[in-house]
Amino acid sequence: ADDWAAPGELHTSLFKRDQLPSKRTESGSRREIVSSPTATLAKLESALVTLNPGADTGTVSDPADELIFVRTGLVEIRIKGVTGRVGPGSFCFKASQDEQRVKNVGTAPAVYQVLRFVTPRTPSVAGR
């Protein structure tokens with residue numbers, strides 16, 4: 001795709017975590033990795049999220065499909081009313097518009113990575 005991707009679309013890239021700025025949040029911190037159209041996606045977004053012990057994201061819903069990869073810690077993930085506890089190396093898929101909540105149920109900060117896929121079939125949302 002790098003040969004035919006248009007200017008302004010994400011090309012093959014390397015992202016180094018320590019070079020990404022970290023922003024504090026109420027529940028921990030967030031590092032934005034990428035937010036860009038690609039040759040085949042309307043937008044690819046990714047972020048590293050750190051949740052402090054006991055913190056959670058609250059219940060949210062998003063029109064895009066998402067993959068959530070747990071990197072460190074122990075989190076409880078509830079998607080569409082189903083709850084499970086997962087640790088490092090585990091991941092889940094959240095389909096378009098399903099409600100989700102992530103809570104750190106461990107004693108140390110938990111880190112997970114979100115990959116968000118926006119396609120022409122993704123329902124539109126104001127401000128995105």
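Visitor: Which residues have the most contacts inside the largest nonpolar core?

Guide: The model is a predicted one, and in it the largest nonpolar core has 13 residues, those with the most contacts inside it being Leu51, Ile68, Val75, Ile77, Cys92, Val102 and Tyr112. Strand E3 (43–51), E5, E6 and strand E10 (110–118) each supply at least two residues of this core.

Visitor: With which residues is Tyr112 in contact, leaving aside its neighbours within four places in sequence?

Guide: Tyr112 is in contact with Ala47, Leu48, Val49, Leu51, Thr57, Ile68, Phe69, Val70, Arg71 and Val102.

Visitor: Why is Asp62 called buried?

Guide: The relative accessible area of Asp62 is 10%, and buried means under 20%, so Asp62 counts as buried. Asp62 is placed in the loop between strand E4 (60–61) and strand E5 (65–72).

Visitor: What makes the approach of the Asp62 side chain to the side chain of Arg116 a polar contact?

Guide: A polar contact requires a pair of N or O atoms within 3.5 Å, one able to donate a hydrogen and the other to accept it; the side chains of Asp62 and Arg116 make such a contact at 3.0 Å. The side chain of Asp62 also reaches the backbone nitrogen of Ala64, at 2.7 Å.

Visitor: Is Pro88 buried or exposed, and how do you know?

Guide: Exposed means over 50% relative accessibility, and Pro88 has 54%, so Pro88 counts as exposed. Pro88 lies in the loop between strand E7 (82–86) and strand E8 (91–94), and, not counting residues up to four places away in sequence, Pro88 touches Val70, Arg71, Thr72 and Gly73.

Visitor: Why are E4 and E7 said to stand at the edges of their sheet?

Guide: Four strands form an open sheet in the order E4-E9-E6-E7, with antiparallel pairing. E4 and E7 each have a single partner strand, so one side of each is left without a neighbour in the sheet.

Visitor: How do you know that strands E6 and E9 pair?

Guide: Pairing asks for at least two bridges between the strands, and strand E6 (residues 75–79) and strand E9 (residues 99–104) have five, in the antiparallel sense; Ile77, for example, has Val102 in E9 as its bridge partner.

Visitor: What makes E2 a partner of both E1 and E3?

Guide: The cut-off is again at least two bridges: four join strand E1 (residues 22–25) to E2, and eight link E2 and E3, both pairs being antiparallel. Lys23 stands opposite Arg30 in E2, while Glu32 stands opposite Ala47 in E3. A hairpin through two residues joins E1 to E2, and a hairpin through six residues joins E2 to E3.

Visitor: Which element gives the most to the lining of the largest pocket?

Guide: E3 does, with six residues. The pocket has a volume of about 460 Å³, and of its 24 lining residues Arg30, Val49, Glu66, Gln100 and Val114 lie nearest its centre.

Note on methods. Residues are numbered from 1 along each chain as its sequence is written. This is a predicted model: local features need pLDDT of at least 70, side-chain atom pairs count only at pLDDT 80 or more; totals for chains, interfaces and linings use all residues. Side-chain values use heavy atoms; hydrogens and water are left out. Buried means under 20% relative accessible area, exposed over 50%, partly exposed in between (1.4 Å probe, protein chains only). Contact means heavy atoms within 4.5 Å. A nonpolar core is a set of buried Ala, Val, Leu, Ile, Met, Phe, Trp, Tyr and Cys residues joined through side-chain atoms within 4.5 Å. On a 1 Å grid over the protein atoms alone, a cavity is a set of points where a 1.4 Å probe fits but cannot get out, and a pocket is an open set with protein on both sides within 12 Å along at least five of seven lines; lining residues have an atom within 4 Å of a point. Grid points are joined across faces, edges and corners, and a volume is the space filled by probe spheres set on the points.
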